[in-house]
Amino acid sequence: MAEGYQYNRVLLKLSGEALAGEAGFGIDPAVVSNLAEQIREIVQDGVQLAVVVGGGNFFRGLAGSTEGMDRAQADYIGMLATVMNALALQDAFERHGVISRVQSAIGMQAVSEPYIRRRAIRHLEKGRVVILAAGTGNPYFTTDTTAALRACELEAEVLMKATKVDGVYDSDPVKNPDAQKFDRITYMEVINRGLHVMDTTATSLCMDNNMPMIVFDMGTEGNIARALKGENIGTVVE
């Protein structure tokens with residue numbers, strides 16, 4: 001166990017929008033650099049880290065399909081967007097001295113390794129960050145579902161979902177100033193209350209495999225390490 005941390009192996013889910021910063025589109029180099037610095041700290045302390053990244057800062061498959069595009073085709077475009085983000089993360093990580101590997105669920109041998117579970121685990125054991133791109137490789141599955149699936153496959157001890165809010169609320173805190181934040185909540189409560197923490201497939205996968213999740217605000221520097229050390233950051237879903 002990494003000293004001072006409650007978890008040894010972690011999967012971090014990043015949305016594409018989180019990488020865009022205030023611009024809302026593309027990749028903000030300052031945001032990615034700050035993230036890489038936080039990752040460097042926890043990896044140097046001995047935490048094994050895998051990252052699943054979304055692609056919403058470039059393209060959303062579901063949004064494309066609502067505009068008349070074939071859903072499967074739109075989802076494949078979204079998967080390619082996640083690969084761009086994964087390569088940007090790898091570049092930032094390695095400039096900060098964090099050795100990393102990109103593994104893609106869609107074959108792209110020139111820029112990434114194929115996703116192979118046992119190889120990914122070996123990288124983690126050697127202290128490399130594994131950046132998991134292209135979702136599951138299948139249309140109709142979100143990157144939230146990818147994160148839940150990979151967390152279970154790679155035997156992570158916790159799934160960390162980085163968001164723009166500081167946890168799970170009983171209603172949208174942006175629209176409702178009286179929204180109440182949960183410190184802890186069960187997956188069944190999330191489903192019954194219709195709280196859109198993740199999509200239903202991802203939520204059910206975590207619940208069925210006893211995968212705890214921490215939902216936290218990525219915008220506050222140092223929150224990743226604080227959450228992993230057991231500080232009361234965000235909301236624990238279990």
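Reply: Happy to. This is a predicted model, in which local features need pLDDT of at least 70 and side-chain atom pairs count only at pLDDT 80 or more, while totals for chains, interfaces and linings use all residues. Residues are numbered from 1 along each chain as its sequence is written, and side-chain values use heavy atoms, with hydrogens and water left out.

Me: What makes the largest pocket a pocket, and what is its volume?

Reply: On a 1 Å grid over the protein atoms alone, a pocket is an open set of points with protein on both sides within 12 Å along at least five of seven lines, whereas a cavity is a set where a 1.4 Å probe fits but cannot get out. A volume is the space filled by probe spheres set on the points, which are joined across faces, edges and corners. For the largest pocket, that volume is about 1,100 Å³.

Me: How do you know which residues line the largest pocket?

Reply: Lining residues have an atom within 4 Å of a point. The largest pocket has 44 of them, with Lys13, Arg60, Asp144, Lys161 and Val197 nearest its centre. Helices (H or I, at least four residues) and strands (E, at least two) are DSSP runs numbered from the N terminus, and α4 gives the most to this lining, six residues.

Me: What is the make-up of the lining of the largest pocket?

Reply: It divides into 17 nonpolar, 17 polar and 10 charged residues. Here Ala, Val, Leu, Ile, Met, Phe, Trp, Tyr, Cys and Pro count as nonpolar, Asp, Glu, Lys and Arg as charged, and the others, Gly among them, as polar.

Me: And what about the second largest pocket?

Reply: The second largest pocket holds about 300 Å³ of space. Its lining has 14 residues, and Ala18, Gly21, Val31, Met218 and Gly219 are the closest to its centre. α2 supplies the largest share of that lining, four residues.

Me: Why is strand β10 called mostly covered?

Reply: Buried means under 20% relative accessible area (exposed is over 50%, partly exposed in between; 1.4 Å probe, protein chains only). Five of the five residues of β10 (213-217) are buried, so by that cut-off the strand is mostly covered. Met213, Val215 and Asp217 lie on one side, and Ile214 and Phe216 on the other.

Me: What makes β6 and β10 a pair?

Reply: Two strands pair if DSSP finds at least two bridges between them. β6 and β10 have five, in the parallel sense, so they pair by that definition. β10 also runs antiparallel to β11 (residues 235-237), with three bridges.
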